[in-house]
Amino acid sequence: MDFSSFCASGATGGGIRFANRGSMIMKRWLAILGGLVLAWNGYGADVIAPKVLVIATYEVGKDRGDVPGELQGWVEHENLDQAIKVPGIEHPLLTNGTGLYAMVSGTTSRSAIAMMTLAADPRFDLRQTYFLLDGIAGADPANMSIGSAAWIQYAVDGDPGYEIDNRETPATWPYGIIALGATQPGQPPPHLDSTPAAGVSENSAGGVGRVAWQINPTLVAWAYGLTKDVAIADSPALQAWRAKFPEPNAQKAPGVIEGASLGTDKFWHGPIMNKWGEDWVNMYTRNAAPMVMSDCEDQGICLALAQLDRLHKIDFKRFLILRTASNYTVPGQGLTPDKSLFDNLANTLGYLPALDAGYQVGSVVTKELVKNWAKYRDTVP
């Protein structure tokens, strides 16, 4: 006879009163056991399991009604009015109760800290969450136009390397940045997939590690297929700006494409640096995807999520990056790099159109995932 049958039988003369008491004891043991199971898995009783988490890298001012950052369009269009404070993350997570969440990660590779902090919060179960990093970036005019959107196939880290000031490099060098393990620009190092520490010829523990991450190609192709025909708004102002660039792809009306991003902690600009960026991406992706965007966060977010995947905290196969072009990485005709850089920072015509395109394109994917969650919860597209 098992314990529940024993209690239900009213043995030892306890009658109905003892049966009720046994039932209460059983319920308490089940509650304790359930709590132990949740604790063993690292999650509390009030688990927050987002269906989709949008990652914006920054916001300025308020979340509604003022000059927008990357978060504001999502807040206003999706009515993200419920806030969840996460210790260690400056801006609260926002949600609307449907399973769609949004956060601010912070800029540069330091954005990795926010992702690790979120995953360390025991209230969150992110193992089936889809992540969409949506941010503005600089467009390589050889490959895309201002106001366009790009689904990122490869995210490449541009920071690990040797560097010599361009004014002091050999005359035959196109620039002064060299891959760790190589001896001249454009030369592939011995370890493309796991870069050693600077100055160390053999790969070792504590080295740099991965420099390029391939984003789930099946998921990227699915997202691109859903959005490739989205009509992104154009304007006479954008058309006039595009006319300053001779490259055919730079003059195209805004659209949705695929390609690679280059993430660095520095906001670089100009034709010499652009040449380096193109070569760097081609080298580390083995010419699998051209550089279309330059940004400051993709490398940090990828590093964090890849590590969290190894810890079984998230599923890296559920991660997408969408970048929209707010400016070009080189100056237009008649401008010097310094003039172009600071003009872009002070008054870029592409800023608001790029923010709008990010929500317009990205929301097609988030809405599909949330609406048909039963289909996508256990099976990645």
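## Confidence

The protein chain averages a pLDDT of 88, and 86% of the residues score at least 70.

This is a predicted model, in which local features need pLDDT of at least 70, side-chain atom pairs count only at pLDDT 80 or more, and totals for chains, interfaces and linings use all residues. Residues are numbered from 1 along each chain as its sequence is written, and side-chain values use heavy atoms, with hydrogens and water left out.

## Overall composition

The protein chain contains eleven helices and twelve strands, taken as DSSP runs numbered from the N terminus (helices H or I, at least four residues; strands E, at least two). Of its 381 residues, 49% are buried, meaning under 20% relative accessible area with a 1.4 Å probe, protein chains only.

Among contacts with a separation of 6 or more, 73% are between residues 24 or more positions apart. The accessible surface (Shrake-Rupley method, 1.4 Å probe) comes to about 18200 Å², and carbon and sulfur atoms contribute 57% of it.

## Packing of α5 and α10

Helix α5 (residues 217-227) packs against helix α10 (residues 351-371) at an angle of about 110°, with the axes 9 Å apart. The two helices are therefore roughly perpendicular, a class covering 65 to 115 degrees. Axes are lines fitted to C-alpha atoms over the stretch in contact, and angles run from 0 to 180 degrees between N-to-C directions.

On the α5 side, Trp222, Ala223, Leu226 and Thr227 take part; they meet Val361, Val364, Val365, Glu368 and Leu369 of α10.

Technical notes
Buried < 20%, exposed > 50% of the residue type's maximum accessible area, 1.4 Å probe, protein only. Contact = heavy atoms within 4.5 Å. pLDDT = per-residue confidence, 0-100. Parallel < 35°, antiparallel > 145°, perpendicular 65-115°, else oblique.
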